[in-house]
Amino acid sequence: MHFDSGVGHIGGNLSALDVLLIVFHEYLGFEDKFILSKGHAAGALYTTLWSIGRISDADLRLFHRDNTLLAGHPPAKGIADIPFATGSLGHGFSLAAGTALAFRLKHSSARVICLTSDGEWQEGSTWEALIFAIHQRLSNLTVFIDHNNLQGFGSTSDVASMSPLWDRLRGFDVELLVIDGHDPDAIRDSLAHDTQQLRVIVLRTIKGRGVSFMENRMEWHYLPLSEDQFQRAVAEIDAS
Amino acid sequence: MRKQLCDALVGRAARSDMVFLTGDLGFMALEPLQQILGQRFINAGVAEQNMMSVAAGLAAQDLDVWVYSIAPFCYARPFEQIRNDIAFHDLPVKLIGNGGGYGYGVMGPTHHAIEDYGVLLSLPNMSVFIPTFDQDMDAVIARTGASRHPVYLRMGRGEPPKGYAVPVYAPWRQLTEGDGPVVIVVGPLAGTYIETFERMPQEFRPNLWVVAELPLELNPLPTNLIAQSEQASGLCVIEEHVRHGGFASDLLLHFAERGITVRNFRHLYARAHHFDRYGSQSYLRKASGLDVDSLLVTLGGI
């Protein structure tokens, strides 16, 4: 769908796809909420929602085209499973914290999952959200960090000296896990038990995962696929 | 107005769905509300961006959400959170900014909120309430709370003349009547003109109006105000807000679209962004030409 629409952001979609599929297929209950803070992975979210029958074939075909419900970043209206429009980084964690706090105030057992990028932790508001969620002891909230090491115009370590991010997080009062973000069992295990703290799970991922010429290449943060690249990518994925 | 605000919100606190967030402000004013709300009173700390998004998350789960800060901190830094997270989703979060306009005058330019309602009214679904007198607060909180959309409440301090019988709250109120020009004021500043206008002879006395709810598309002008505006020698709009995006622009568009013409239009507005000296709210009003003496000079010209 990215190729058909001539749109990029593929690398960060592929790094996030494994966790999205497991969260939506195996974890989320009817009352639970998922908030995609790294809104540029909207394609992965739309595909995941399509895979569970929540977005139609027709809507998916309109991705990123005129008169679509499925904009390049998650929309504010029209898709029941997308509670908030995101795309400006640094909003989703706070929105998730508010949702988790609402569940607690309403004595609901519902849970909230939020997926942030790693570059997004350069936003001050993300740290505001971390401080708030810890202080409020939002144990019904799990924050995944898609730690693919690459952002729009450099590696995360080149742009801001915080890498690896999990070392920066160790001083906070959170349940911190660092796992292989492409290992389904590791993702399942990370969510398998209840916790009394905010849970932060760092997913060590590969930008452009599954397509050799995209993997760990910064340019696939933005670039769309050419016809030749598309055919090679499909052949690789089919072969695997 | 903070006491009246607190009293009005305490009166609402029996609702089990009410949640109040503050950005670490409200000391010596909001303690009764804190006490009655318990865990539903949340000091979100010095982190306004997070506070606004948290408010959106709470409101999306159908809670009755109020957010408090001083006016300059309420809309400027967290503007994107208000826009993306609250306004785009049309969530009924109630934003309360204390000290709108020059309310924190001598505290310096970072504490002035003189582009607040212009900025916020550029957002979808947003409306603004600006109580004029302390006695307005019960009605304003009731009307604000009844809205199913985002609201910004710009608070100042009521400034009626001594012994003045404050008229019952209404979105539009005429405070003085005469045969002079029409004067429309946004918010508490109106109270500072009443005494002088009341002493003027009937033939010169302005028709003084105060507006407390914006935008005009949600709060149309009274028909008698339109008639007065067309017939008067002039119309003067006064607001403790910058020129661009202010009420005067909205009013003139409203008139132009309806073919309403006025003679001798004047606009008095906040200018402190260009000042290099600071002072009290009264000082800054005078420096901006918003004090009663400056207004009389302006009216004398029409």
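The C-alpha centres of domain 1 and domain 2 of chain B lie 26 Å apart. The structure is a predicted model, in which local features need pLDDT of at least 70 and side-chain atom pairs count only at pLDDT 80 or more, whereas totals for chains, interfaces and linings use all residues. Residues are numbered from 1 along each chain as its sequence is written, and chains are lettered from A and ligands numbered from 1 in the order in which they are written.

Domain 1 of chain B spans 2–155 and domain 2 spans 172–300, with bounds that come from an automatic or database domain assignment. The contact between these domains takes 24 residues from domain 1 and 27 residues from domain 2 of chain B; two residues are in contact if their C-beta atoms, placed from the backbone, lie within 7 Å. On the side of domain 1 of chain B that touches domain 2, helix H6 (116–120) and strand E5 (127–129) of chain B are the elements that give two or more residues. Helices (H or I, at least four residues) and strands (E, at least two) are DSSP runs, numbered from the N terminus. By class, this side of domain 1 of chain B has 12 nonpolar, 9 polar and 3 charged residues, where Ala, Val, Leu, Ile, Met, Phe, Trp, Tyr, Cys and Pro count as nonpolar, Asp, Glu, Lys and Arg as charged, and the others, Gly among them, as polar.

Within chain B, the axes of helix H1 (residues 2–12) and helix H7 (residues 137–146) come within 9 Å and cross at roughly 50°. Axes are lines fitted to C-alpha atoms, for helices over the stretch in contact, and angles run from 0 to 180 degrees between N-to-C directions. H1(B) is therefore oblique to H7(B); angles under 35 degrees count as roughly parallel, over 145 as roughly antiparallel, 65 to 115 as roughly perpendicular and the rest as oblique. The crossing of H1(B) and H7(B) is right-handed, that is, the near helix is turned clockwise from the far one by less than a right angle. In this contact B:Gln4, B:Leu5, B:Ala8, B:Leu9 and B:Arg12 of H1(B) meet B:Met137, B:Asp138, B:Ile141 and B:Gly145 of H7(B).

Chain A contains an open sheet of 5 strands in the order E1-E2-E3-E7-E6, with parallel pairing; two strands pair if DSSP finds at least two bridges between them. Strands E1 (33–36) and E6 (175–180) of chain A stand at the edges with a single partner strand each, so one side of each has no neighbour in the sheet. The twist averages 20° from one strand to the next. E2 (residues 112–117) and E3 (residues 141–147) of chain A pair in the parallel sense over 6 bridges, and A:Ile113 has A:Thr142 in E3(A) as its bridge partner. H5(A) packs on the sheet, touching E1, E2 and E3 of chain A, and its direction makes about 170° with that of E2(A).

Between the chains, 22 residues of chain A are in contact with 22 residues of chain B. H5(A) gives the largest share of the chain A side, 10 residues. H6(A) and helix H3 (residues 48–60) of chain B pack at about 65°, with their axes 8 Å apart, which means that H6(A) is roughly perpendicular to H3(B). Here A:Ser125, A:Glu128, A:Ala129 and A:Phe132 meet B:Gln49, B:Asn50 and B:Val54.
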